[in-house]
Amino acid sequence: MDTGTPIALEDVSYSFGKGALEKQILFDVGTRIEGGEIVILTGPSGSGKTTLLTLIGALRSAQKGSVKVLGQELLKASEKALIKVRRQIGYIFQSHNLLDSLTIHQNVQMALQLGGVRGAEAGKRIADVLQRVGLAEHEHKFPGELSGGQKQRAGIARALVNRPQIVLADEPTASLDKQSGRDVVDLIQDLAREDGSAVILVTHDNRILDVADRILHLEDGRMKSLSEVVSEGTSRMLNLLEKHDPHSANYLATFSFALARVAYADSKVSDSERDEMRRILHEVAKLEPAEVEFIMELSMMQKRARAGMDNRIANPALDKDRAEHFLSSLYAIAQADGVTSSEEIVEIEAIAAEFGLASSSNSDPG
Amino acid sequence: MFAVVPLGWLQLKAQKLRLVAAVTGIAFAVILIFVQLEFREALFVSAVRYHTAMDYDLAMLSPKTDFMVSSKQFPRGRLYQVLGFDGVESVTAVYMRLVSWRNPADPSNARNILAIGFDPSEPGFSRLLSAEQREAIKIPDQVIFDRRGRDEYGPVREMLDAGQRVSAEINDRRIAIAGMYQVGTSFGLDGGIITSDLNFLRILPTRKKSAIDFGLIKLEPGQDAAEVQARIREAIPMDVRVLTRQEFKDVEVQYWNKTTPIGYIFAFGAVMGLIVGLIIVYQILFSDVQDHLKEYATLKAMGYTHGYLRNVVLQEAIILAVLGFIPGMGIAHLVFTKGADATRLPLEMSVESAAGVFMLTLGMCAGSGLLALRKLRAVDPAEVF
């Protein structure tokens, strides 16, 4: 079998219902996920992320496009083929979904016996995996005797005991408190790294986004780029702030503008310098920690723009195409009030020079 | 530890109260089925007690006779005609009629009893009565009494066993009891006396010696009953029927089973037991499947097949069948032991009937399991997310 990319999606579309009631849930979704990669799938409810997860998990057969999981094409796949793929995937569920009448040992055994592992070998593997998730002492307890976090760990042990190449987790932290949630995610991350599994984690929980190697965002059944998602969310929130508390909005904007000019004037900011800045903003400027972070981020954006100038050869933020769009748009903006003044042209040329772009783009779209 | 997780058993065991309720319900159904079937069986066995006890190969009776206690007469000459056939060794003319018996200890209490008369020189009752008893009934107004008759006939058995002389009024005639034989009661019969044809006619003066109720035909050893029966039938007019032992018994059983509602009632009772059991097991298994739908969906998502889940439910059904059958059979056995004493009916649990009821129970549980499985079809693994 193909041991290459565990998950490859191409132009996947999916609809529920038939005829007039047909409702399309996914539109031309495509991505590839490699072994050892942890991908977080986010999106508002109803965006189709659960449907996408069930397609990858072989819990439904795909209708359109191509869903290749472990080399098996799942487009219009038979129930038998789906079952075969399911057995090679580790599932972690929102509410652990352990079988209440079975001990933790037996729950894990349920997954192991699917792969035909029995007897002493099974006993050893179960003990090992429970050791890894830190439940060795609870092997013969029933799920009802464990805490939420422990149950989720047991669920992880069950998902991982077959050392699957793919792990799918659906809101694994939804029913857990902050610390247990963090522990569970770290555990998934560690174990997946050790086993080299591809992990897809569906979550609403922003606190765990940092474990991701990549974030996929679905909205209304379509993939969206992260920059689009961040821009949209941030601009919406800034608009809200402007509307409900213009005074604070101005105060924060002013601070970030000033900070960018003062602190980053020399283009060099060390971590200790940054910590000191946070302390000052908090203690002298009397800002709340979240507000401090916000100002830091806004000014960092401006610093990044400058860094783009300095590293333009090693790491160009603006490639040829984008440079052209960039300049054209500046001229168009100058033209927006109907007249392009000479001051405006001078400013644009200065920017172009700073960013190392030839301002030969005189063929403005007037 | 088990090589494979015995999921069905563990699911049942996890809900102790429900398991106890299920087992009790099934045990109840098993008892109901056992009792009904066994009473039905006892009805048939007891109905042909005399058919079994008398010594004959072919029986002759009136076509109008549909059960023993209400026999119609036919000419005795017909029976003696049979003596002329090749292969017939002997015949016995039998008179039968319900007569009124007064309890010797309490003469105000009268009760019907079956009176049987035959010529003591003929061999039809040689299995039931000893040679001595056959001599004794030649003496006028002496009869032999069924010691397994109901107690309402009075303490005859006890008195005779104690060596006392016992006499009773039968049809207003004082009759001495000269001994006892053993047959037992049935649904239509509480007890019996056997005596000579002459004594029978003394008790029933309106009966004629030439009109008999049954004729017992004994064949020479090695004769084929069916073959002789065919020859007799051909030669003798249709005003009598000639039946083999089995056919003779079948007529009686047929009457109780089909013509009276008794056989039907017991069969119906057994079916009711089966249905009660079916509903109980269905309820239990259905709610079990219902409660575990999410878990079963999880198993499907992990890669378990529908067939695996079906086996889990069937496994539960079989476990319930076994657990319910054992106490059910035990209690039914107890009921039969007590019941046989109280009713003098042949209530006993044979291995065959126990095996039969076990198969019924198993079928009942498996059937309920299959009904409950329809719910399982709807389990969609995609719904666990």
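A residue is called buried if 20 or more other C-beta atoms lie within 10 Å of its own, exposed if 12 or fewer do, and partly exposed in between. In this predicted model, Asp172(B) has 10 C-beta neighbours inside 10 Å and therefore counts as exposed. Asn171(B), with 16 other C-beta atoms within 10 Å, is partly exposed.

Asn171(B) lies in the loop between strand E6 (166-170) and strand E7 (173-181) of chain B, and Asp172(B) is placed in the loop between E6 and E7 of chain B as well. Most residues other than glycine have a negative phi. Asn171(B), however, is a residue other than glycine with a positive phi, near 45 degrees, and Asp172(B), although it is not a glycine, has a positive phi of about 65 degrees.

## An open sheet in chain A

Four strands of chain A form an open sheet, in which the order is E2-E1-E4-E5 and the pairing is antiparallel. The edges of this sheet are strand E2 (23-33) and strand E5 (72-73) of chain A, each of which pairs on one side only.

Within the sheet, strand E1 (residues 7-16) of chain A and strand E4 (residues 64-69) of chain A are joined in the antiparallel sense by five bridges. As an example of a bridge partner, Ser13(A) has Lys64(A) in E4(A).

Strand E7 (residues 166-170) of chain A is mostly covered, since five of its five residues are buried. Both of its faces take part in this: Ile166(A), Leu168(A) and Asp170(A) are buried on one side of E7(A), and Val167(A) and Ala169(A) are buried on the other.

E7(A) runs parallel to strand E6 (residues 89-92) of chain A, to which four bridges join it, and here Ile89(A) stands opposite Ile166(A). E7(A) also pairs with strand E8 (residues 198-202) of chain A, again in the parallel sense and over five bridges, with Ala169(A) standing opposite Leu201(A) in E8(A).

## An enclosed helix in chain A

Eight of the eight residues of H1(A) are buried, so this helix is largely enclosed by the rest of the structure. The buried residues of H1(A) are Lys49(A), Thr50(A), Thr51(A), Leu52(A), Leu53(A), Thr54(A), Leu55(A) and Ile56(A). Just after H1(A), the chain reaches Ala58(A), which takes a positive phi of about 60 degrees.

## Where chain A touches chain B

Between the two chains, 25 residues of chain A are in contact with 20 residues of chain B. On the side of chain A that touches chain B, the elements that give two or more residues are helix H1 (49-56), helix H2 (79-86), helix H3 (104-114) and helix H4 (119-132) of chain A. Of these, H3(A) gives the most, with six residues. Sorted by class, this side of chain A has 10 nonpolar, nine polar and six charged residues.

Val4(B), placed in the segment before helix H1 (7-14) of chain B, also has contacts across the two chains: leaving aside its neighbours within four places in sequence, Val4(B) is in contact with Gln113(A) and Arg118(A). Along the chain Val4(B) and Asp86(B) are 82 residues apart, and their C-alpha atoms are separated by 72 Å.

The crossing of H2(B) with H12(B) is right-handed. Among the H2(B) residues that meet H12(B) are Ala22(B), Ile26(B), Phe34(B) and Glu38(B), and the H12(B) residues in this contact include Leu320(B), Gly324(B), Met329(B) and Phe336(B). By class, the residues of the contact of H2(B) with H12(B) divide into 18 nonpolar, two polar and one charged.

H2(B) also meets helix H9 (residues 245-259) of chain B, where the axes come within 9 Å and cross at roughly 140 degrees; the crossing of H2(B) and H9(B) is right-handed. Leu43(B), Phe44(B) and Ala47(B) of H2(B) make this contact with Glu252(B), Val253(B) and Trp256(B) of H9(B). The contact of H2(B) with H9(B) has five nonpolar, no polar and one charged residues.

Note on methods:
Residues are numbered from 1 along each chain as its sequence is written. Chains are lettered from A and ligands numbered from 1 in the order in which they are written. This is a predicted model: local features need pLDDT of at least 70, side-chain atom pairs count only at pLDDT 80 or more; totals for chains, interfaces and linings use all residues. Two strands pair if DSSP finds at least two bridges between them. A crossing is left-handed if the near helix is turned anticlockwise from the far one by less than a right angle, and right-handed if clockwise. Two residues are in contact if their C-beta atoms, placed from the backbone, lie within 7 Å. Ala, Val, Leu, Ile, Met, Phe, Trp, Tyr, Cys and Pro count as nonpolar, Asp, Glu, Lys and Arg as charged, and the others, Gly among them, as polar. Axes are lines fitted to C-alpha atoms, for helices over the stretch in contact, and angles run from 0 to 180 degrees between N-to-C directions.
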